[in-house]
Every structure is written in structure tokens, then in C-alpha cells.
Amino acid sequence: MDHFLYRDGALHAEDVAIAALASDVSTPFYCYSTATLERHFTVFSDGLKPLDPLVCYAVKANSNLAVLATLARLGAGADVVSEGEFRRALAAGIPGEKIIFSGVGKTKDELAFALDNDVRQINVESEPELDALNDVAVSMGVRAPVSFRVNPDVDAKTHEKISTGKAENKFGIAYDDAPRIYARAAAMPGIEVVGIDMHIGSQLTDLEPFREAYTRMRALVERLEAEGIPVPRLDIGGGLGVPYERTNEMPPLPTDYGKVVQEVFAGWEDREFECEPGRLIAANAGILVSQVIYVKQSGDRRFLILDAAMNDLIRPALYDAYHDIVPVIEPAPGTPTYEYDVVGPICESGDTFAKARALPEMRAGDLVAFRSAGAYGAVMSSEYNTRPLAPEVIVRGDDFALARPRPTYDDMLGKDRIPDWLG
Ligand SMILES: *Cc1c(COP(=O)(O)O)cnc(C)c1O
């Protein structure tokens, strides 16, 4: 459930009319709902209650400081994949003790930064990374808290570009290598083994891959502990899917996911659990609002040309992702619909948001909203075609704030330098 609803015939974010925001910040812009972020965080946490996990929000889904600070107030930790994200989490008030550092290619500088800032744990994904981390920690005179990301070799049954838990993926250490690597790590002077981690992919719509992965995780922990290596912390990753298409089969509810986790880890309630949801918290807490520039009839196709483009929201181009597109003015019941190809202005055929999408008759100047754009939306945007990044607005009740302004053209051009020899 989210808080983007029609009220008196007009789309609102909580108590704020989208059209009013559009005249304030102009289009395109992202809009986030505080109440929705809070609701998703709470529903997800409640589903796992008996295990009392530290919910470390995956910052890469939406790293705006306003979003992070909203979640920090609820007690969230953070899962970060770069020094930049680490700095964002700290700036939003999430202390290092609640920050997990993930990622397959952390540099020595990034590892040192994490250790310097009391990182909760570093999820190590390879032996070369383990060696590098040991070197860094020894040189700093500290021991690095380490969980290994173990690749359980299960098929997450999601889009191949966001599937991470098969043996052929680049992520994590191989399941069968884990006992040897854990034993090596336990003997290293700069390493303190604190846990185990699995993250098998994103937008999972089936609970069975989770059950399989967690069952393998439990078996591995039992084996490691039998060999004298305690593994106190269990990081069960993120990846639970969200509904993008309202007509489609719904992904499992967080409560059902919670049940699977509790079943697999029955009797282990006293252990320390962590999880890393991103999309589930942020996706349906954000929309992208855009204006129709032109409606173009070309042969038998009708194009809706918007002022938002693939540089603002790349998911359709990158993953063939579906986003609901709704008019900001609510269509009256029974309004006839027409099929539109909804596109942006960028010079790439890939700049297509939807083909043959049923919408009421649209005119230049009308506003539309892409739903479920709160995760992997603004964070993946770019200035391709020298288009300014869309601003981000966050709403709370009848209040709203600009969480990131649109850059000016001077800001954008001012980042480049013409070399002296061309002066
Ligand atoms: C991306 C990522 C997540 C979050 O995935 P969602 O599908 O957004 O929940 C969690 N953990 C790691 C290591 C990730 O890379």
C-alpha cells in the first residue's frame, strides 16, 4: 500500500496535490512519501519480529539524504556498497555501528575509511579482498569485523541482470570453499569473523529460492560451528520483490517472507539477525512526475512524448521493467482509452517507457506519474543528453520539501574544464 492516491479527482502524495508540486518545482521530478517509507519499513520489520533483526536499508535503492534520514529516525541501519554511500549514511545520522559494507570490489582506501568509521561489519566477497582487508586492518592496528557473503548457488528466478546467487554470478565466495576460507580468516591477525551473509538477487517474486538459500546458510553455519568457528551473526540479505503491475500476480507479502525466515531459523531466535532490503522499502514510496510535450500520430502509432526520459528512469530501457503510468487528473469512470507508445526525447530508440499502453486521451501539457519509481530511479539517473537531473521532493502529510534541487545549466557546464592548450 502507498500514499499516492486520487483525491477529489487529482493525484496526491499524502495530502499534497501533485499538480501543485509540479507548478512549484516544474517537471520532471521525483516525489517521495514519508508515510509510505515508514509504513514499508515497519511492515517489513514486523514480519521478522521474533528474530528482531537490524534492518540495514540498502542505500543503493534510493540514497537521497532525506530518505536515509527518514529511515534513520525509525532505527534503520544501512547496507552500503561504496565509500560514497557510506558517507551518505553517516551524513543522514546512521552511525558506523549500524552500517554494513557490501560489494564485490571494495578498494583498500574504501576499506580503511570503513574501519576508521566503526563499520559494523564488512561483507567480504573473495579471498583477495580478505587479504587486502587483513593488510589494511593490521596497518591500522585494528581487527576488521567480517562476514562472508556466501554464494548459495540457488536460482532466484528473477531477471538475469539482478540475479546474484548462482555459482556463475560474480558475487560472494563459493559455498564449497566457505569452510576453508572461514578457517583461514579465523587465523588472520587483522580479521574478526562475525557472521555470514547471503543475497541472491533482487525483485524476487517467489519465496522458495529464499527458503533454499537460508536452509543452505543454516547448514553451513552448523558445519562451521562444529569445526570450532563461531558465526554469531546471520545477514539474510534483501531482494524481496514489490508489485509494479497492479493487475499482475502479487509478489509475496513481507509477512509471508517473514514466516519462511522464521521457519528456516526456528530455534535460532536468540542469534543476531540482519537484513538488507532496498526495493521493498523505497520502490512504491516514490513516483516520477512528467509532463506531455507532444502527442504525435505517426502512421497507426500514437506517441506520447514526455519531458522525462531514460536518463531520469532507466529501468524500462535496462531491464524491460514495467511501470504503471497514470494521469495526474483522475479519468472519470468509463473514459475511453487509447494505446500510446510512451517515450522520452532522447535520441535512442531505447528511450521508450512503454509500448501500446492504454491511457485516456492525453494532450500536450498534461501531467503523468510513473508509479513505483522510488527505488533504482533517481539513483540510476544521469545527465545524458545534458539533461539536468530531475529534482527530488519529499512529502510528509501536507508539508513538502525539496530534497534535491534541479541543477542549473551553469552547474552542469561548470563541472567540465577546457584544457589550457585550447585556451
Ligand atoms: C542491492 C542489494 C540489496 C538490496 O536489494 P533489493 O532488491 O533492493 O532489496 C541488498 N544487499 C546487497 C548486497 C545488494 O547488493
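Residues are numbered from 1 along each chain as its sequence is written, and side-chain values use heavy atoms, with hydrogens and water left out. Because the model is predicted, local features need pLDDT of at least 70 and side-chain atom pairs count only at pLDDT 80 or more, while totals for chains, interfaces and linings use all residues.

**The sheet**

Three strands make an open sheet in the order 1-2-3, with antiparallel pairing. Strands (E, at least two residues) and helices (H or I, at least four) are DSSP runs, numbered from the N terminus. Two strands pair if DSSP finds at least two bridges between them. Strand 1 (4–7) and strand 3 (16–17) are the edge strands, each pairing on one side only. Strand 2 (residues 10–13) runs antiparallel to strand 1, and four bridges join the two. Within this pairing, Y6 stands opposite L11 of strand 2.

**Salt bridges**

How many salt bridges does a search of the whole structure find? The search finds 25. A salt bridge here is a side-chain nitrogen of Lys or Arg within 4 Å of a carboxyl oxygen of Asp or Glu. The table gives three of these pairs.

| Pair | N to O distance |
|---|---|
| E125 and R149 | 3.0 Å |
| R233 and E272 | 3.2 Å |
| R387 and D312 | 2.9 Å |

The side chains of E125 and R149 meet in a salt bridge. E125 lies in the loop between strand 8 (121–124) and helix 6 (127–140), and R149 lies in strand 9 (residues 144–151), so the pair ties together parts 24 residues apart in sequence. Both E125 and R149 are buried. Buried means under 20% relative accessible area, exposed means over 50%, and partly exposed is in between (1.4 Å probe, protein chains only).

The side chains of R233 and E272 also form a salt bridge. This pair links distant parts of the chain: R233 is in strand 12 (residues 233–235) and E272 is in strand 13 (residues 272–275), 39 residues apart. R233 is buried, at 14% relative accessible area. E272 is partly exposed, at 37%. R233 and E272 also belong to a salt-bridge network with R120 and E274.

R387 forms a salt bridge with D312. R387 sits in the loop between strand 19 (367–370) and strand 20 (392–396), and D312 in the loop between strand 15 (301–306) and helix 11 (315–319), 75 residues apart. R387 is buried, at 16% relative accessible area. D312 is buried too, at 1%.

**N311**

N311 is in the loop between strand 15 and helix 11. Is N311 buried or exposed? At 2% relative accessibility, N311 is buried. Contact means heavy atoms within 4.5 Å. Leaving aside neighbours within four places in sequence, N311 is in contact with I346, M380, S381, S382, Y384 and R387. The side chain of N311 makes a polar contact with the side chain of R387 at 2.7 Å. A polar contact is a pair of N or O atoms within 3.5 Å; within protein, one must be able to donate a hydrogen and the other to accept it, and residues adjacent in sequence count only if both atoms are side-chain atoms. The N311 side chain also reaches the backbone oxygen of S382 at 2.9 Å.

**The ligand**

The ligand is surrounded by 14 residues, with a heavy atom within 4 Å as the cut-off. The closest are K60, S202, E276, R279 and Y376. A polar side-chain atom of K60 lies 2.7 Å from a ligand oxygen atom. A polar side-chain atom of E276 lies 2.5 Å from a ligand nitrogen atom.
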